[in-house]
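Here are my notes for you, written as numbered points. Please keep the sequence and the 3D view open as you read.

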2 protein chains.
Amino acid sequence: MVVQRRTSRDIRNESRLDVLHTVLSARETTRNEIVRATGLSPATVATVVGELLAQGIVAETKVRPGRSGRPTATLGMNAARGFIIGIDVAETYVRAVLFDTALNQLAFADGDGGERVPDADAVVEGIGRLVDKLLEEQGISRSDVLGVGVSLPGLVQGPSGPSVIVPLWAWQNVETERLRERLALPLAIDNPLKASATAELWLGRGRYRSSLATVNLGTGVGAGIALEGRILRGATNSAGEWGHSLLVLDGRLCRCGRKGCVEAYVGAPGIQQTLRDIDPTHPLAGVDLQGDFIEAVAAAANSDKTDPVIAETIARTAYYLGSALADLVAIVNPEVVTLTGWTTWALSEHLLPATLRHLREQAPGQSGQDVQVTVSAVRGNSAATGIAIIALERFLADAGLLTTNVPIAL
Amino acid sequence: MVVQRRTSRDIRNESRLDVLHTVLSARETTRNEIVRATGLSPATVATVVGELLAQGIVAETKVRPGRSGRPTATLGMNAARGFIIGIDVAETYVRAVLFDTALNQLAFADGDGGERVPDADAVVEGIGRLVDKLLEEQGISRSDVLGVGVSLPGLVQGPSGPSVIVPLWAWQNVETERLRERLALPLAIDNPLKASATAELWLGRGRYRSSLATVNLGTGVGAGIALEGRILRGATNSAGEWGHSLLVLDGRLCRCGRKGCVEAYVGAPGIQQTLRDIDPTHPLAGVDLQGDFIEAVAAAANSDKTDPVIAETIARTAYYLGSALADLVAIVNPEVVTLTGWTTWALSEHLLPATLRHLREQAPGQSGQDVQVTVSAVRGNSAATGIAIIALERFLADAGLLTTNVPIAL
């Protein structure tokens, strides 16, 4: 058996993760509350809290009188421990978000970008400048940054060494090394699917449900899958490429080079193609930038005047999306599916009811009825937040506090 | 976090599973060899072997001189501990297989069945008679049977109580209870996908790879998925319903009532439909029984004379199967896909090369290149073997030796 053995080290690891999750979501808590929330023994909680206090990850925030009259220390994440930067490199924008160790969002900066990013070298340099700018503006020294996470829109493969495949920029390992040199900061790289699912696990529905899929709808589409509280990475870290599973055999050409992928129908350019299929002369058929197109569709759908072409575009997109989600549910059978990404923010109100209906009709057995589908409660840019959490996990792993299933070379 | 906590109980559980797997696959081994094979400490192996000896699951087979001159006891599964029956209730046949505790196949019996099984009551009674017959023929007392596993061709759902959905016979919980009474033996029920994947984990590629999908090709098709050595069950035990994921949006009507499912193209009746699409006048277009049809296709493909309709049927089926497998690989990214089921036994030689080519073309990134696809090495009826293993797991769980993720009510 090559099965990963669970060791007492893993148990300590999970105890630490549970305590961290509890402290993080409670903002302010006590050892007794952690015992109740996690089900761990008081002795284990005392030990783990002691370790986290020693590393400065958790801090005693104040002392309040306990029930027994003895003072009780309240605990919180030690926001002052240092900074973490999460960078969402999307195909249509680059955003860097600065967090403290408590995952409070402190500031952000947007890079150039736009929808016509030149090449991998320019992306590396753009990320570098963005980090410089953010640190300078906020007056933060590099030595106070615990880590930088960069989410890249492609396959980030492991575990036989990092291999990042970003079709758009022909990003190779050499660019990863160049980025590491340019930033001169601890670096974690993963893709937005794994990042968003990590954010969902730490800050969203994952706090209540351990088996979930986080579906990202933007230029690209994909799913981050978490099972029993861990991100499903697969043999080579490419699990979750639902966006490039088939919706229509021999269907629309996808920009990945194959035909009929989910993304070719529910990615933002796919939605525009659906509108063009319905009415090539519609004013929105020629909108140049994807972000503008999706916003315009949302505006039209929100308007009092019904535009039948927009209504039909949304109806077909819901059919495509519901059918594709039914496939994900058929194969993985998660408790919850959360939707995220900028198309979700703009259109979910209009898309969701019909999407749910189609999903329930098409998922096998009871699985469509049983699955909960909601818009993600993770606010802000979940890819940036999630990749910052992955960078924090790496920092904690380097400090010997956590093990992580992020491929080690990434 | 509702995440299942890993406890020291789980670790003992995994140590016992690892030792059991090692003893089972080695047939004859020693404590030292188990230490080497599992990576467990000699003390842990000694403890676990002691527990398994005490329960009579493992036996000392003989004593041979050790290297140090001290005698070394060899260990094997204690075949004499009792019997396990695995029953594969398929839509075209029913087969009961008798195993000893070492999972040696001792005998089998086939039920009526054929392709027109009447109803759930008849199935219950058929299973009951088959077990009676098998025990009688072999002269085995009911008290020597450790458990019976029944694999039913439908969704077996949990964990909120057992709910078996077999579309063909409208099987309900009441039939499960009736079967339990009729057999008067410890009963485990699951579906053939979970059963075949369990067999693969214990006896097939799972001995070397912990992340795999076992794809069953027969009347129905589906995938049993194992991740990190455990069967992926999903929120309601319906993970792996890949056979009812979409291959063609709005495609062929599937007997599940939806359109375009994978099963409608690569299930045996789907393959016959493909042949009819190519040439409705072909002699095999009208073959009545699925088993006969698949055998006739295999015979034609094996013949020296090329039949272009058969060749085209196989080529299209390989295209459908490769495309559908690419979806499974895209979402789950397993290390290995094994193929099983009677269509596999009959046609894999002809199907596999082109299926692999299509899979590699269509899976995202490197995932198609990285995945190994092979015919399952589990011999015989893998659903019967797997469901017998699940019954053995339940027996060991009842004896306090294993925990199992089989929904407890099943």
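**Notes on the model**

1. Let's start with helix 8 of chain B, where A268(B), G270(B), I271(B), Q272(B), T274(B) and L275(B) are buried. Here a residue is buried if 20 or more other C-beta atoms, placed from the backbone, lie within 10 Å of its own. Helices (H or I, at least four residues) and strands (E, at least two) are DSSP runs, numbered from the N terminus.

2. A word on the source: this is a predicted model, where local features need pLDDT of at least 70, side-chain atom pairs count only at pLDDT 80 or more, and totals for chains, interfaces and linings use all residues. Residues are numbered from 1 along each chain as its sequence is written, and chains are lettered from A and ligands numbered from 1 in the order in which they are written.

3. What do the buried residues of helix 8 of chain B pack against? Their neighbours are helix 7 (263–266), helix 9 (290–302), helix 10 and helix 11 (342–362) of chain B. Contact means that the C-beta atoms of two residues, placed from the backbone, lie within 7 Å.

4. Look next at helix 8 (residues 268–278) and helix 10 (residues 308–332) of chain B: their axes come within 9 Å and cross at roughly 130 degrees. Axes are lines fitted to C-alpha atoms, for helices over the stretch in contact, and angles run from 0 to 180 degrees between N-to-C directions. On the helix 8 side of chain B, I271(B), T274(B), L275(B) and I278(B) make the contact; on the helix 10 side of chain B, V309(B), E312(B), T313(B), R316(B) and T317(B) do.

5. Chain B also has an open sheet of five strands, in the order 12-11-10-13-14, with mixed pairing. Two strands pair if DSSP finds at least two bridges between them. Strand 10 (residues 212–217) and strand 11 (residues 221–227) of chain B run antiparallel and are joined by six bridges. One to find on screen: A213(B) has I225(B) of strand 11 of chain B as its bridge partner.

6. Turning to chain A, you will find 13 helices and 14 strands. Of its 410 residues, 54% are buried.

7. Chain A has an open five-stranded sheet too, ordered 12-11-10-13-14 and mixed in its pairing. Strand 12 (230–231) and strand 14 (372–375) of chain A each have a single partner strand, so one side of each lacks a neighbour in the sheet. Four bridges link strand 13 (residues 336–340) of chain A to strand 14 of chain A, and the two run parallel. In strand 14 of chain A, T374(A) stands opposite T338(A).

Notes:
A residue is buried if 20 or more other C-beta atoms lie within 10 Å of its own, exposed if 12 or fewer, and partly exposed in between; C-beta atoms are placed from the backbone.
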